[in-house]
Amino acid sequence: MNRLFPALVVTAALVCGFLLWKFADPHNAEIAEQHPSAERYPTSDSSLDPKIKHGQEVVRTRPLSTLFAKVEDFKKFWTVWEDGPEKENVKKMQGNALIAAVARHYGQFTADYDNNGLPLGWIQVMVPDGKGGKDAWMMQNCYSCHSSQINGKMVWGAWNPRFDFQQMVNDNLRYVAKGVGIPVETLVKKMPYTLNQVAGHMNVIQSLGIDAALRAPDMSLRAPVDIDKVLSVAPSSINALPWWNSGRKKRFYWDGWMSSKAELHSSDFAEMIVQFGGDDTGMPLVNLYNTPEQINAMLPDLADVYAYHMSTATLKFPAGIDENLPAHFTINKDLAADGEKIFNTKVLTNGSTCLNCHGSYGSSPNYQTLFFPAEEVGTDGQRYSNLKMLPIFLDWYRSTPSLLLKPDASGKPVHVDVEQQRGYLAPPLNGIWASAPYLHNGSVPTLRDLLRPSERPAVWKIVESDTDMYDGKKVGLKVEAVKSIPNGILEVERRKYFDSTSKLPGFSNAGHEFAAALTEPEVDALLEYLKTL
């Protein structure tokens with residue numbers, strides 16, 4: 001139990017792993033083999049470059065979190081669900097079908113390759129049980145959050161708009177509490193922060209801030225750990241940007257705090273990922289076990305992960321490519337041509353054009369990476385405010401010598417390029433059709449809603465479908481809009497609703513209303529053009 005307290009401080013997932021795990025030696029875990037197989041929409045050609053191919057394999061097959069739960073225990077999470085039809089159906093299942101049903105409950109997708117029955121974004125590792133045998137455990141990787149499903153096909157590098165990691169952790173805690181006979185609230189109250197307040201969103205700033213607080217610039221552990229400032233800021237939900245636009249930007253993330261310059265960002269990237277990444281034994285670099293030496297051994301792999309990340313190709317609108325598309329997945333080429341003119345030349349209510357902020361596309365692409373204050377764009381300002389309130393976060397990166405770059409000619413260490421920008425990024429729009437929900441906090445479900453601010457649903461949830469979750473006409477997610485979250489529904493169902501009227505920090509769906517004056521024909525034409533990017 002001496003290991004329990006620091007684990008509780010890191011992440012809720014770490015809580016669960018340590019509460020269940022008593023005797024396993026973390027550096028003796030064995031990663032189970034995975035075999036790529038099924039179809040998906042391609043967003044990377046890993047055959048072009050060995051580094052890219054290797055980086056893709058590292059992301060897919062290496063854990064980027066600590067032990068989460070035994071596979072056999074995960075199959076039983078349904079036993080702590082609230083009573084309802086889903087629970088009744090799942091209790092009749094067995095084997096991989098049971099795993100898939102439990103995973104779906106939390107918005108996780110079936111892997112498009114042989115993954116030992118686990119959902120995409122999870123890896124099976126064999127861990128000594130302390131009795132001479134081994135147990136199969138689940139560990140998380142990037143794809144649990146950074147993958148989606150469109151028309152029944154997986155998309156690597158897109159954001160998962162359905163994943164409810166907090167609900168998954170809550171049920172893990174409930175299952176553990178049930179097994180050891182203690183009140184679940186005893187565990188829940190020890191959780192240092194909220195992973196996500198609603199499904200399909202993530203509270204990233206607090207988790208990265210905690211990681212920065214835990215590591216000293218030389219990558220050794222800080223003692224004592226002071227994370228009070230990190231935990232004092234309000235949660236800020238975000239919708240992550242798609243990987244396929246990473247190579248087009250000069251800076252990363254909605255607030256651009258990190259450089260994306262190829263010669264430097266691989267180091268920045270490494271310094272962020274080492275807070276989560278797994279070493280060559282399969283265990284994570286989650287601040288409690290791995291030494292600076294073990295972190296350094298991981299750096300070549302992280303450089304390849306960066307190469308893969310930056311090479312991800314735009315997911316093109318599948319009209320004319322996928323024969324099994326719903327009828328609403330079409331592009332009117334004549335209308336799209338009109339939309340391109342509107343995009344490039346139509347002056348909007350802010351006195352600018354779409355092109356001026358988001359760049360040009362087609363035969364002469366040009367993207368400039370521009371940032372605008374939240375008050376100027378009118379979008380929710382919580383994420384930006386949080387970054388300003390966390391000097392420990394940016395200061396850690398500024399003070400940490402580069403992990404991948406050698407000292408300069410004078411022997412002075414090279415530091416990462418970290419700087420807070422003046423506001424939020426006006427992102428590149430390549431593959432924008434597959435990037436829903438929209439705005440940095442994922443508060444707007446479709447592009448039509450974005451262009452028609454008065455029509456934006458205040459409270460909505462994504463329709464339940466694995467094959468028809470996207471709306472090709474409104475361009476974005478198919479949603480059910482309601483006036484308010486229904487009373488008397490199950491917790492897991494309530495968490496599927498995005499409620500912009502809730503007054504929770506970070507949940508406003510206002511802002512970016514510059515297209516409000518467009519006529520209906522102009523909106524229709526602009527939507528057709530945006531599908532082509």
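**Note on helix packing and a strand hairpin in a predicted model**

1. The buried residues of helix 20 are Glu522, Val523, Ala525, Leu526, Leu527, Glu528, Tyr529, Leu530 and Lys531. The model discussed here is a predicted one. Helix 20 spans residues 520–531, and nine of its 12 residues are buried, which leaves the helix mostly covered. From first C-alpha to last, helix 20 reaches 17 Å, close to the 16 Å expected at 1.5 Å a residue.

2. The cover over the buried residues of helix 20 includes helix 13 (333–345), helix 14 (354–358) and helix 18 (447–451). Two packed helices are described by the angle between their axes and the distance between the axes. For helix 13 and helix 20, the angle is about 100° and the axes lie 7 Å apart. Angles of 65 to 115 degrees count as roughly perpendicular, and helix 13 and helix 20 are therefore roughly perpendicular to each other.

3. On the helix 13 side, this contact is made by Leu335, Ala336, Asp338, Gly339, Glu340, Ile342 and Phe343. Their counterparts in helix 20 are Glu522, Asp524, Ala525, Leu526, Glu528, Tyr529 and Leu530. Sorted by class, the contact of helix 13 with helix 20 comprises eight nonpolar, one polar and five charged residues.

4. Helix 6 covers residues 95–105, and its buried residues are Leu98, Ile99, Ala101, Val102, Ala103 and His105. These buried residues pack against four helices: helix 4 (71–74), helix 5 (85–90), helix 7 (165–180) and helix 19 (491–494). Just after helix 6, Gly107 adopts a positive phi of about 80°.

5. Strand 8 (residues 147–150) pairs with strand 9 in the antiparallel sense, over four bridges. Within this pairing, Ser147 is placed opposite Trp156 of strand 9. Two residues lie between the strands of the hairpin, and Asn151 takes a positive phi near 55° there.

6. Strand 9 comprises residues 153–156. Lys153 and Val155 point one way from the strand, whereas Met154 and Trp156 point the other way. All of these residues are buried.

7. Gln206 belongs to helix 9, which runs over residues 204–214. Is Gln206 buried or exposed? Residues under 20% relative accessible area count as buried, so Gln206, at 3% relative accessibility, is buried. Gln206 and Ser236 stand 30 residues apart along the chain, and their C-alpha atoms are separated by 8.4 Å.

Conventions:
Residues numbered from 1 in each chain as written. Predicted model: local features only at pLDDT ≥ 70, side-chain atom pairs only at ≥ 80, totals over all residues. Heavy atoms only, no water. Buried < 20%, exposed > 50% of the residue type's maximum accessible area, 1.4 Å probe, protein only. Contact = heavy atoms within 4.5 Å. Expected span 1.5 Å × (residues − 1). Pairing = 2+ DSSP bridges. Axes fitted to C-alpha atoms, helices over the stretch in contact; angles between N-to-C directions. Parallel < 35°, antiparallel > 145°, perpendicular 65-115°, else oblique. Nonpolar A, V, L, I, M, F, W, Y, C, P; charged D, E, K, R; others polar.
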